[in-house]
Amino acid sequence: MQKLFLLSLTLLATTVCRAQDLRLNDREYFERQGVNILVFSNSFNGGFNDEKNSGIEIIHHGVRTIQGGAVRLNNTPEQWDLVPKMTSRKVDKDNQSIEVAMRYDDYDFDSRVVVTAKGKAVEIAVWLDKPVPEKLAGEAGFNLEFLPSQYWLKTFTMDGRLNRFPRYATSQTITRPNSEKPRQFKGFKTYDDRGTDRFVDPIPLEKGHHILIASDAPERMIRISSEDAELQLFDGRMLAQNGWFVLRSVLPKGKTGKVVTWTVEPHAIPGWIREPNIGFSQVGYIPEQPKVAVIELDKLDKVQPTASLIRIKDDGTTEEAFKGDIKTWGAYYKYNYVKFDFSSVKQPGIYYIQYGNTKTNNFLIDEHVYDKITDATTDVWVPIHMNHMYVNEGYRTWHGEPFKEGYLQAPESDHFDLHRQGPTTDTKYKPLELIPGLNIGGFFDAGDFDIETGSNINVVQNLIRAWELFKPQRDETFVSQKQRYVDLHRPDGIPDILQFIEHGILNLVAQAEQIGHMSSTLSNSVLDNYHHLGDAASITDGLHYDPSLKPYEVSSDGKRSGTPDDMWAFTTRNPRLDLQAAGVFTSAARVLRGYNDDLAERAQRQADRLRSEAEQLLKEQKVRRDRQADADFTWLIGGNITNKLQTALDSIPMKDEAYKQSLRPLVKEFADYVKGFDKNNPYGVPIGLGNWAGVNMVLNFGIAVNYAHLYYPDIVSKDEIYRVTNWLYGCHPYHNYSFVAVVGAARPKQVFYGNNRADFSAIPGNVAPGLLFRQPDHFENFDDWPFLWGQNEGTIAGNTQYIIFGTSFKNLVTKQQ
Ligand SMILES: [Ca+2]
Ligand SMILES: [Ca+2]
Ligand SMILES: [Ca+2]
């Protein structure tokens, strides 16, 4: 014990020495205690362009508050503004510097940024081998972006002039001719200029050479100066709600060599150690289940020998219910992890965890804590995402009826949401001709308002699985297809899940009937209404587009307009998608028979037709089919065991006992795979490292564990089913908030990337993607800034997956065994 203590003192002493100055560490970023400066550890990717996750980034006392450091072409870049491609990155340990070369192909423009440690600061220098191209002179500059929610209301001082970061965007703008605006992604335009041919450009909040930011908040304080260039501070929210504060220096015209030099010194709180993050289930625990908190610790933090569970008694006073040893799990990326097991506490009550000086908010131990985990998702989130309906809740309208003018045949085009319309339409419609009957049913994709056909197929599949296995009778939603009206919390005598299945099928069948096959997507035709935030009914003007009228002009009968805002149907035929649809139509016909016989009949007819046509088409495209068959085969043998098992388990109700027995070896293999996660990471679930955090993978895993336990309780024990609820409801890195805006959680996340994100709000029942991994070692989930979709969006496919997960989970925990 004493030896350990000495060892940690020595460790602390050497680290304090090192902590004086910024140094490049083994993970190739600059570090001192409390400050990490990353130089293109994450580079811009072309997919959705500026995702506010790239370039030079600063993680300041554990929070990534600064990013986007790069040569950019706008004062306040938006998501679809051009981003530089990183062409090289050189780390020079001897000189304590990182050099990154960047290129804009559209303008044949190359630049380099060199970041060098200089004591407690870094020098950031921009180098040019050729002068800035004529077209970009005065536009290209070095930018660094500051997270608004961490800086608003804090002070700044520019050249001695006092000021404060505004809570809301209220600075000034000018307009300039569109011809002066640098090209946006693929030539799309993020803005509707209302026929003025001019774009809006913010003007700076301040200018000068020395800026001191947040001297009133030591954890955010930073000092930046430049002798050779003027610093300009902008508010990016003037153009887009997801904009950040931007500090920039315009690159000088006609110059080469070292053209801009900044000194950037983030303040470090002396001896700063990150507060422990005690992960536990905010929804609570049932008495019999395992209860293990995972505590995330700064690597320099001393591990406490014990933690306590404190009970809040009926008279409001507290008592220690349990004291237990802390067990070390070890290092995982940048932090150290320990565990506190309080499974032995089974008495129902209100509790909190005390570890050293850190105590959590309270949570329940009770038989009924999981009863309501899916209610917000089924009663609120899903109905709000019903397209082509007016959706009301009490005194509030969520949205009016969207897209009354219907959908036009997409012409050959590329698309900003990664869709494509090929050179032929594969339909009887001419480009931009109205395809009748598509504005019915279907669900908004995610934080946007398009109908992704693949996702809508998934939705209906998810709901059918939940229905066929568990028959949830819950009825809290009034749905009238005749009135095109949805009213939340108004029972209408029909189980809601059945109505959601019907709503999904209404759109999918309409696609098959009207187009002849499945559309890949029904989506926005112009970028300036794709990023819409507000009432879905106001995305388009509700009037048919008539190119013979001028933009913004309305016909005398009030039915047509010259504004090209109508949505498009992307119709390039994909027989594999048609086969998928045929599958879901067959299951839906089975479910809908006896409830909506007409729709069941139509679904069955389209299933039969699509299946035979798709098989014929695939036969004709033999080469493609063979290639696809190879791909399928590879998937089967190398494929993810979770998916393989799930497919097998889904067939059990239709098969005999021999089939069930034959699956036992696969289930055993899966049980070992599940246990393997205890060694893989401290949380015992699969953790994704992509640019979309991994909740779908975690839910898939959880559903498979639930089903495996349901059918094979002797192989997969009941204790395993709590892995995913723990993770979802707060036992995860970064913070301990529940990822589900859910009934029952003591501390759910507060902001999500829903279509009400501009209000820093959430749609109840949403499930966040979760922890976004930033290279090389940082997990993140902002709860004061909703706009990063990779961590905070919810999708219709993912949230209906949560319904099956939650439904199957509740079925297991409430079942008497
Ligand atoms: Ca979408
Ligand atoms: Ca209902
Ligand atoms: Ca219109």
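**View 1. An open sheet of 5 strands in the predicted model.** In this predicted model, an open sheet of 5 strands with mixed pairing has the order β32-β31-β39-β36-β33, where strands are DSSP runs (E, at least two residues) numbered from the N terminus and two strands pair if DSSP finds at least two bridges between them. β32 (434-435) and β33 (451-452) stand at the edges with a single partner strand each, so one side of each is left without a neighbour in the sheet. β33 runs antiparallel to β36 (residues 521-523), joined to it by 2 bridges, and E452 stands opposite T521 in β36.

**View 2. The calcium ion (ligand 2) and its protein donors.** D475 (OD), T477 (O), D492 (OD), I494 (O), D496 (OD) and Q499 (OE1) lie 2.3 to 2.5 Å from the calcium ion; donors are N, O and S atoms within 2.8 Å of the metal (3.2 Å for Na, K and Ca), and water is not among the atoms, so sites may look incomplete. Along the chain these donors follow the spacing D-x1-T-x14-D-x1-I-x1-D-x2-Q. T477 lies in strand β34 (residues 477-480) and D492 in the loop between β35 (485-488) and α5 (496-515), so the pair ties together parts that are 15 residues apart in sequence.

**View 3. The surroundings of S171.** S171 is placed in the loop between β12 (161-164) and β13 (173-177). Leaving aside residues up to four places away in sequence, S171 touches L205, D235 and M238, contact meaning heavy atoms within 4.5 Å.

Residues are numbered from 1 along each chain as its sequence is written, and chains are lettered from A and ligands numbered from 1 in the order in which they are written. Local features need pLDDT of at least 70 and side-chain atom pairs count only at pLDDT 80 or more, while totals for chains, interfaces and linings use all residues, and side-chain values use heavy atoms, with hydrogens and water left out.

Note on methods. Helix = DSSP H or I, 4+ residues; strand = E, 2+ residues; numbered from the N terminus.
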